[in-house]
Amino acid sequence: MSSAFLSSAFLAGMRFEARMMRRDGAIWFALLALAGVALFALAMGASRVAAQQAAIASARADETQRLSNLQKTLAQLQQGEPQGKPAPEPPPYRDPRNAAFMGGGPAAAVAALAPAPLALVATGQSDLLPPAVRVTTGSKDSFLFADEIDNPANLMSGATDLAFVVVFVYPLVVLAMAFNLLAGEREQGTLAMTLASARRPSAALAGKLTARVAAPIAATLLAVAAGVWIFAGWERLASPGFAALLIVVLLYGLFWAALAAAVDGLGRGSAFNALTLIGAWVAITMILPAAINSLAAFAHPAPSRIEMVLAARAASTDADRARDASLARYAQEHGDAGKPGGPQEMTLRRLATQEAAFQRVEAIVAEHDAQLARQRDMADRLGYLSPAYLTYQAMADVAGSGETRYRAFLDRIRAFHLDWREFFLSRAKAGASLTAQDYAAMPKFTQADEELMARPPAGLAGPLIGVALPMLILAIFAWRGFRRCKV
Amino acid sequence: MLEARNLTKRYDGADAPALDRLNLTVPGGEVFCLLGPNGAGKTTTVNLFLNFIDPTEGQALVCGIDAAVDPSAARARLAYIPEQVMLYGALTGLENLQYFTEISGAEAPRDELLSLLAAAGLPRDAFERPVSFYSKGMRQKVGVAIALARRAQALVLDEPTSGLDPLAANEFAALIERLRKDGMAVLMVTHDLFLAKQCGTKIGIMAQGRLASVFGADDVDHLGLERAYLDLFASAAA
Amino acid sequence: MSDLALAPLATTAPAKSRWRVVRAVAGKEWLELFRDRRLVWLCAFIMALMLAALAFGYVENARVLRERDAAAQADRELWVGQSAKNPHAAAHFGQYAFKPLSPLALADPGVDAYVGSAVWLEAHKQNETQFKQARDGGVGARLGSLSLAFILQTIAPLIVILMGFASFSGERESGTLKQLLSVGARPRDILAGKAMALIGAIFALLAPAFVGAALAVVFFVDRERLSLADQLIRLGALGAAYAVYLAGFAFLALGVSALARSSRAALVTLLAFWLANSFLAPRLATDAARAFAPTPTWQDFRAGIAQDKAKTFGHDESHPAFVAFRDETLKTYGVSRIEDLPVSFRGLALRKDDEAGYAIFDRHFGALQSAFDRQDALRAAPGFLFPLLALRPISMAFAGVDSRSQFDFATAAEAHRRDIQNQVSDNLIHFAHDNRYVAGPELWRKIAAFAYRAPGAVFALGYSALPMIGLFAWLALACAFALFAARRLRPV
């Protein structure tokens, strides 16, 4: 009986508050503006994803073009011989038969990371990390760090994506709706009537609060669903990633609602509530993330990438010197006759350089990755201080534009790079020329698209708990404040 | 019925208590009018019965239930009409009545609520208009309807006729008389000597937190009441 | 005439008494701000935050400077330590040029994390800079880091708003505005007094930060490479720009406070503007800049260069341009065979090819930078309405951390690359008598390392004209708005 009664006060509070909200034009404006901004952000995200896909397509087209040109030249060279009139010998770095040089550039394979199904949701790092990489036999420093062209001021400003709207704008609307429940009723005079009339005033007030926060949360969730449907297709709505996205947005909204209710439950005036909550918003969305990043960078500074390049250059110099020394010994032993020269000399020098550089650069890259991992771990751990930081990362993970997915991509490239080098350098060392069959058999970088669609973003449990736990604690404080509320 | 036993309230930082060992009883069917100047402790008494504040000593009992110990049970039996009946401006009079009735746990179908509004004297065409357009008298009538809908056994009123024109005040007095006849215990705080004489069965005059004198409403005429009131404060001021 | 007759009243209040009113209002406002405990704590917190940001910036700057110096030295050793080889092979090995760090990056890191710090100066190719630091950060790092610029651009206006939103509306609500106007104080004078107090408070907030930054710069600057005076001038310009920015907010807050119906309405309006200025405007302006002035993709850019370079002959001896050049050279020297030339034909061919390449690179990279400049101009255009759009480019320009400074470095690096090529070509032309010619460490040592002198403050001034106009227009508009609001001041 009492639970049924409780729910009737709660439901009455919710129903009548919803009725009042329906009649308030400002609330409609705020909700429509929020939904509108979310839809705009998704539209921008969709266009960015389209641009990325175009870049990948263009890189693949270029690869196909290059390879077909090389195969044509190869055919010409091979055909030229039977005709008796030998075709002019191309230099080694343009000779499609030269394994050492072809693998190092002209025949380079394109390794592409296609945008994930929900990539339109967050830009993440995808504007800095080009989606298509040209893998060569050289060391990693020569191909892995290519950049897409973009105005650095653009990159600094950041894009309008859903992650931005959800992390920064959405909480403001939730706060604006929820900050003033008890304080406003008290200042308006209706709190006295409510306390006097209701058997469980806190249930009625909780109902009112629910109506007030359900509106912006529902509006955002609907806008997200509509946007994903319109810009990415309805199949995305059925994916576990989308479900994860909805949960992230819901929990984040509930966190801010709980915070507003907890501050309201302190029983101070609406001016106090407003200023405190603005301060909390600034602290949680702006100051804390900035402080976290600065601290992590201070404690574990980023590695100097130029070390890789210098190591590769040092390796090439050492290889040259070693080569010169062995040539000198050879000349000493055999005299000028039989000294290898010309194109073969270039090829062998190049091979030696690549071998030496590869080993050193791999070691340095591993060290750098470890250094960055330490910085990232510290930032991740400190990130639990700010639900905004956690939510931003979670959304990037859902969109597949965070570093988790990119690191998996880099792992695949590492394995592919080894295969690629093996294919070309084994032939180069054996002195074998590339044939048409070799061109057909070259390793190709494929990506299992199905696994992208089906696999839900991993590692969301931590951030979700990191937002849910403070939310629950604040909700408890809020409930106690509401129970204790006085006129 | 309403009872105050040695009810005392001392606010922090104040030398004298706002309410000093108040003892009064309002049985069902009686209207007790509490008169007194500002700061005498009338509003404090009301707040203690409603448990908006806690007493320092003593008890405020509503139908035998201590308001400080079990406020929700006490409030379930007590209806309240404040000086300014604050309602939700965006809702209509009927919707406000529906809302406050529902959260009080009372069952009230729409027809019954409509008849309550009519019984309280609210004009029919105002039922579905937003409260932001109501006059003070109209809002007060909604307040009465809310009190009626809650089927409370006791009613506390704070300055009910302040700001009402004589006609509206008269209507109000008639309404209170009907409630009294139905067996409600009514505690009314007011400045209005005429209203006290008209509605009340007992009149109490408060000064400096104490009930200075109590007498039956019939025991004194208007002039006598006025003289008693002024004498009390002339001697207090002196 | 009776001695009770009064002298006629002056039609305008004498200037001296107006100034007294202004001073009195300013004094009382200042006292109120000072006595507001919460405000004082808030300002203290912000000051601590600013000093922490400066400390982080200083440490980071010092670390990066050490790294780049070490890298430059290591690369020089590699270059000089090359074994004897054909100079052209050495040109292919190339040198690395490292971008020096601007000392004021400790106050405003600008786009430094988003541009590369090193560029490879190799033969035949002008490369882009590499190794953007932002690539290595995580997603969370895109939320920004604690820098003085961030605090002053985003948080400081909020403080100004909090100090000023209830300035007039609070007085109206408490009834003191009625008193003030009834004793004859003019709204303009009240406005002037309140503005003085508010702007004074802003200076008090900014002063420790800029003194701290000045000290940090003095300790940090390597006097041999950079002029300390120039850095301090730049810092002064930064201070002026931020002062104009925040003063505009002060006038805006006072104007809104005067016009608004209640303090709450004033706060909501000002917060909405702050949100639009700090968050929405920069991102939307960037989206608009990208949409209306797009830049080519890396693929298209390189394809464009490759297309133009196909007209030059490179190492391809069958290219018609090569043949034409060979014939022309033979004619110039009056010989009929290459072997008879008194100088190395290979060297001449290289030099010719390089020069053709330079024109192509200048055209393409110049066009790219023009595209960036167009985007920046588009982004800064609404700066008179949303002042952050005007302030950011000014702040980055004077801190030496914008894309123009980067372009200056890239141009200087390219000039050095050309110098390397020219020296190598000259060496080949005069000394390479056969294909087995090798040069030794004397040549490597002769070719200098890259030495870059960052431009002075005047350089930043030169191309900041548009944003500076925007920023001053913002101040003028805010001022005009405040005066307009003061004229319409209602006491109730």
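This is a predicted model: local features need pLDDT of at least 70, side-chain atom pairs count only at pLDDT 80 or more; totals for chains, interfaces and linings use all residues.

Residues are numbered from 1 along each chain as its sequence is written, while chains are lettered from A and ligands numbered from 1 in the order in which they are written.

Two pairs of chains are in contact, and chains A and C share the most contacts (residues are in contact if their C-beta atoms, placed from the backbone, lie within 7 Å). On the chain C side, 62 residues meet 63 residues of chain A. The largest share of that side of chain C, 11 residues, comes from helix H9(C) (helices are DSSP runs of H or I, at least four residues, and strands are runs of E, at least two, numbered from the N terminus). Chains B and C have no contact, and their closest C-alpha atoms lie 19 Å apart.

Now for the sheet. In chain C, three strands form an open antiparallel sheet in the order S1-S2-S3 (strands pair if DSSP finds at least two bridges between them). Strands S1 (95-98) and S3 (125-126) of chain C stand at the edges with a single partner strand each, so one side of each has no neighbour in the sheet. Two bridges join S2(C), residues 118-122, to S3(C), and Glu122(C) stands opposite Lys125(C) in S3(C).
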